Every structure is written in C-alpha cells, then in structure tokens.
Amino acid sequence: MKRVYAREEYCVGCKLCEIYCIAAHSKYKNDLVKTFKKEANPPISRILVEESRPVSFALQCRHCEDAPCTKACIVGAMQKNPKTGVVTNEEERCVGCWTCVLVCPFGAITRDERGHKVASKCDLCSDNSQMPACVEHCPNRALVYSEYVSNNGTK
Amino acid sequence: MHYVIIGNSAAAVGAVEGIRKVDKENPITLISDEPYHTYSRPLISYFLAGKVTEEKMLYRGQDFYQKNTVTTLLGQKAIAIDTDSKEVRLENNEVLVYDKLLVATGGTPFIPPMAGLEKKNVFTFIKKDDVKAISKVVATGKKAVIVGAGLIGLKAAEGLSSLGVDVTIVELANRVLSAILDEDGADIVRKHLEKRGIKFELNTSVEAITGGEEAQGVTLKNGKSISADLVIVAVGVRPNTEVAENSKIAVNRGIVIDEKCQTSIQSVYAAGDVAEGYDLIFAQNRVLPILPNAYCQGETAGLNMAGSESIFSGGFAMNSIGFYGLPMITAGIVKPEGNGYEVLVELVPEQSLYKKIILKDNIVVGFIYLNKVDRAGIITSLIREKTNVVDFKEKLLKDSFGYIDLPQQLRKSKLLKGDSMSCW
C-alpha cells in the first residue's frame, strides 16, 4: 500500500504538515483561515514533527501490515481496512482506554480529550483526496506518498 | 475440516479472524457458556457506570458470525474433550467432532476462602452477567465492599462510585494495583481515588462476610468491621481450565502452549487467559491475562489451525488503564528484585506524575508511565525488540522522547518497518 515517508534530509521543521493536517480534519475541511479563526476547538494534529536541530522529520501512523493497535483494541474500534490497508479508529466506539497508545511502536496515536475521549491518528486523509494533506503541502518535498521509497527518495 | 472454538471473547475472535485469513470455506463452530454476541470484557465497568450501552459493548459487529460463516452455540457449556476421538462434549450431552480445536475459555474469578461467601449480594466482576446482577442491587447511598485493589477491583470501584455507592476496598497487599505499580506509583493512584471518596483498608483481608441470608458487611483480619449492602470479590482471575482437566491436554497453571499456540496434543490449540504461553521478558511460560495477548495468541492459533504456519514470539505483561482522568500505562517488570537492574525515575507526586524505566544490561525490561502516557508504545517496542539503549539511555525519561533520540540508523530501520511490523 501507499504510505507517507519522511525524508529527514529535506525536512526544514516548518510544521506546515501539522497545520494542514489540522485543517484537513476540521469541520471547515482544508480551509486554514476558518479552521484557525472560527473553529472554537480545532482538532489536534495527527502528524508530529520531531526535531533536534538541525535534524527534523514528520511522523504519523505507518498503517502497519499487521497493526498491533488493531489487535490490542479492547472494543474492536481500531480496524485495518482489508482492501485499502488504511488503519482507522471508529471514534464512536472508542472509549479512550489508550491501549493503542501502549502498543503503537511509533508513538503515532494521540489522545484527543477535547470531548468524548478518543484515540486520534492519521487516516491518510482517506475520505478526502488523492493525496494526504501533509504531503500535498510540504514545501520542500520532505514527505512523499508512495509504495516504497529508497535511500535517494525515488520509488 | 471442521474447526471448533470453545470461547467467545478476544482469543476466540482472534482465532476466527486468523482462520478466515487463510480458509474462507470450512465450517467453524463456536461454543460459549455465555448467551451473548461477542462483547468486550474490559468494558463491563463502563457498562456498570452507564457509560456504554449493551449495544456499544460489542467486540465485533452484529454480522460478525454470519460474515465469517461461524455457527454459534451460545449459552451452551463444553464440559469435556476427548482428544483420541476428537470430540467435545457439551453439558446437554451433545457431542461435536472436530478436526482442529481451540480452547479459549478465558479466566475464572479466584475466590479466596472466607466465611459467608454463599450469602446473597456477594458478587464477582468479570462478566456481563455479573454487572446485570450487581445493577439490580445498587443505588445511590448503598454501601459496597470490594475485596481486591487490582485492575478489576478498582474499575468496579470507579463504576460503583460513579453511581453514588459508598465504596471501601480491602487489599491484602501494601498497595493498590500491586501487579502493575510499585509503592510510589500506587501511592499516587490511591490518593487520587481517596479524593473521590473511595476508602481503603490495605495490608488486611476479609475474614468473614457477615449478615443473615443477605450480606450485611464484612469483618477484617485487622479486627475492623465494615457494613455493606453488597460485596464484590475481585481478588484476581485464574485460567478456566476446567474443560481440559480430565483430558490428555497438559495443564500447568494454564493450558501449556507452544509458539504456534498448540497444546501438548496435536490439533488442539489454546489461547488467551486460559493459556500459559511464552513471556518474552521472563523467558518462560506464564499466564498473561490481558486482552492484546489473548487476541494475538488466538489469531496465531487460528492461522496454524488453518494450515498457515505462524509463530507468536511471545507476550509480556502490559496494561493501559485510568481512573477518574488519571491515565497510566505500565509494562514488564515494574518492581525489580535482585541484582543487575538499572532504574531511571522521575517522580513529582504533587502533579501525580511518575515515570520509571527499568533496564537490565542496557535493555528495557519494564516501565511505569503515570499521568504522562503519550508515546508509551515506543518504550513497549524497545522491550519487545530487546533494543540496546546504551546510546540514548539518558534521553529515555525526556518528555519529548521520540524517534529523534534514536541513532539515525536505528530510526530509519524502524520507520521503514511498518511494511512488515508483525504482531508486536
């Protein structure tokens, strides 16, 4: 399946991926201004920029082939789509027990406690577009969306 | 080929899904003594507190059995296994013939001897029916005594307390959650619960449940007595091995399984709280009654039953739980005894904050994250992969600890691993 790969050599740590991730999941879908000006309680980013100057890179759910979070979920809310491979959390059923946080080897699942507690994670913008918002808006092509990326960044 | 599964919780569901990854055709029969569609056992305290409906407790959707062509025998109890004739006998004397069998009968409450257990309004707390029975007698202002301050006892306490029940917990150990926390961590949790009105009697146990036909209280070994309208015995669970006991299947504390989750008898598998599988940290077989372990063992068993060779490299103790907004994640050895351990600690009791990481020979073997639990899974994966942390040990306790702190080569190899990440 296609995943988002980070090329830390190209990442400048601008965190635009976080901003666009928030906008992509806000009720004003992809509208930056409305998301940050109008939404009282904007979503939390599902992508995280890790940084220790000069190195930085963005990290989000790897949509593992044999995803531990789907096996550990105590309510069966975390599921991997057998066709697309995308791992998503059915937020209505999630009870916020954080067992997925316990088992995610990437630390890519965050706790969203704005309302009903739910585990929040990258969904590859699957209900949205051809291209995840973080990849689309990365100004230095430090994020690539592909089947696999080799050392030099090509498929 | 006829697959028979005894059980209907995480391990059984894992097995159904494991079998169906490989074999979409051959029939599966699933037997459970509970008359319910598969539901999440850990949610029973949420159900008690009214935080989830019975519908929302389902572990898989209503179409799960149909979609996976599973014939269910719900509300029927398997009582014996004959591994020579490959038969499972039910309580109603019906006999099922299997080609591959999974025993996933879970755990059964451990009930220590005490006088008065036979009285009315004495309960255990592991199944949905326990909650249904308890719900009939609880009301605001009632008093409950819970025996055991483990995960089950504290979750029961939180549920009852949210319904306005006055709760006292009696615990033999010197602290709450003694299986997953050390004294410093347990102290923080106990104080947090005490602020919500839950009372504790530690270092003692119940001598007798008092009252007439109905429970009216308990007397403790420390001489105190406490009045109560109901008593919940939540000391722990033990493997529910009953169905295997008069068979040729080897049973130690649990049903002994190998890395394929096969028992001592070919074609017979076991998984979940009933099983005794490999513990990666202790490097020996242990009963690990936790849901993620149950699912993974069940799935592994299912794959092997369907002929696809699969190995579960092992589990270890790990829990994520919270009480009144105080989350905690712990895994592995949390209170090391003996030599050779190195312990990293950050403790701020006034903020209910505690981080403890236990290393042996520069390999993480356990941790406690209390209140700050984010990204705990990175530490869990260091345990699972037995990563040598000597190069970044001093960074492990950092709030922002993450992949940036790993040496570049290790980071890159881990980040590309999503493609092949197996059952943790």
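**Entry 1: a helix pair in chain B**

I started with helix 1 (residues 10-22) and helix 7 (residues 291-305) of chain B, whose axes come within 6 Å and cross at roughly 35°. I noted that this is a predicted model. I then looked up the handedness, and the crossing of helix 1 of chain B and helix 7 of chain B turned out to be right-handed.

**Entry 2: domains of chain B**

Next I checked how chain B is divided: domain 1 (3-107 + 238-305), domain 2 (122-235) and domain 3 (325-411). Taken over C-alpha atoms, the centres of domain 1 and domain 2 of chain B are 30 Å apart. Their contact takes 10 residues from domain 1 of chain B and 14 residues from domain 2 of chain B. On the domain 1 side, I see the largest share coming from helix 2 (residues 44-48) of chain B, with 4 residues. That side of domain 1 of chain B holds 6 nonpolar, 2 polar and 2 charged residues.

**Entry 3: chain A against chain B**

Last, I turned to the two chains, where 30 residues of chain A are in contact with 35 residues of chain B. Elements giving two or more residues to the chain A side include strand 2 (48-52), helix 3 (68-72) and helix 4 (99-103) of chain A. Helix 4 of chain A gives the most, 4 residues. I divided the chain A side by type and found 15 nonpolar, 6 polar and 9 charged residues.

Methods
Residues are numbered from 1 along each chain as its sequence is written. Chains are lettered from A and ligands numbered from 1 in the order in which they are written. This is a predicted model: local features need pLDDT of at least 70, side-chain atom pairs count only at pLDDT 80 or more; totals for chains, interfaces and linings use all residues. Two residues are in contact if their C-beta atoms, placed from the backbone, lie within 7 Å. Ala, Val, Leu, Ile, Met, Phe, Trp, Tyr, Cys and Pro count as nonpolar, Asp, Glu, Lys and Arg as charged, and the others, Gly among them, as polar. Domain bounds come from an automatic or database domain assignment. Axes are lines fitted to C-alpha atoms, for helices over the stretch in contact, and angles run from 0 to 180 degrees between N-to-C directions. A crossing is left-handed if the near helix is turned anticlockwise from the far one by less than a right angle, and right-handed if clockwise.
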